Amino acid sequence: MANSLRREVLNLYKNLLYLGREYPKGADYFRSRLKAAFLKNKDVKDPEKIKQLIARGEFVIKELEALYFLRKYRALKQRYYSDDNK
């Protein structure tokens with residue numbers, strides 16, 4: 001069981017690193033914060049607590065995806081719809 005949780009944690013870390021490449025404050029900023037968050041919880045042994053932390057990480061993934069989608073939507077909106085009120 002511990003091996004499957006380890007695999008999930010590693011996959012979560014990889015996914016977050018991948019998503020962090022487009023973070024607005026920069027990839028280095030995101031990477032350092034991500035590493036600090038994972039190192040803070042490296043001594044957690046309870047499988048239930050690990051599952052809760054994984055769920056929180058998956059929530060962060062969804063939030064990042066929403067942030068990126070919104071940023072792309074705003075860029076497209078600015079490109080195709082001019083502001084005629086000015």
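1. The model is a predicted one, in which local features need pLDDT of at least 70 and side-chain atom pairs count only at pLDDT 80 or more, while totals for chains, interfaces and linings use all residues. Residues are numbered from 1 along each chain as its sequence is written, and side-chain values use heavy atoms, with hydrogens and water left out.

2. Helix H1 covers residues 2-19 and reaches 26 Å from its first C-alpha to its last, close to the 26 Å expected for its 18 residues. Helices here are DSSP runs (H or I, at least four residues), numbered from the N terminus, and the expected span is 1.5 Å times one less than the number of residues.

3. Within H1, Leu5, Leu12, Leu16 and Leu19 are buried, where buried means under 20% relative accessible area, exposed over 50% and partly exposed in between (1.4 Å probe, protein chains only). Seen down the axis of H1, these buried residues fall within an arc of 65 degrees, so they line one face of the helix; the arc is taken from the directions from the helix axis to the C-beta atoms. On the other side of H1, Asn3, Arg6, Arg7, Lys14 and Tyr18 are exposed.

4. What covers the buried residues of H1 includes helix H2 (27-40) and helix H3 (47-80), contact being heavy atoms within 4.5 Å. In H3, the buried residues are Ile50, Leu53, Ile54, Gly57, Ile61, Leu64 and Tyr68, and they pack against H1 and H2.

5. The 34 residues of H3 should span 50 Å, and its end C-alpha atoms are 49 Å apart, which agrees.

6. Arginine 71 pairs with glutamate 22, the closest N and O atoms being 3.5 Å apart. Arginine 71 lies in H3 and glutamate 22 in the loop between H1 and H2, so this pair ties together parts that are 49 residues apart in sequence.

7. The other salt bridge joins arginine 31 to aspartate 28, with the closest N and O atoms 2.9 Å apart. Both residues lie in H2, 3 residues apart, about one turn of the helix; arginine 31 is partly exposed at 42% relative accessibility, whereas aspartate 28 is exposed at 56%.

Definitions and conventions:
Helices (H or I, at least four residues) and strands (E, at least two) are DSSP runs, numbered from the N terminus. A salt bridge is a side-chain nitrogen of Lys or Arg within 4 Å of a carboxyl oxygen of Asp or Glu.
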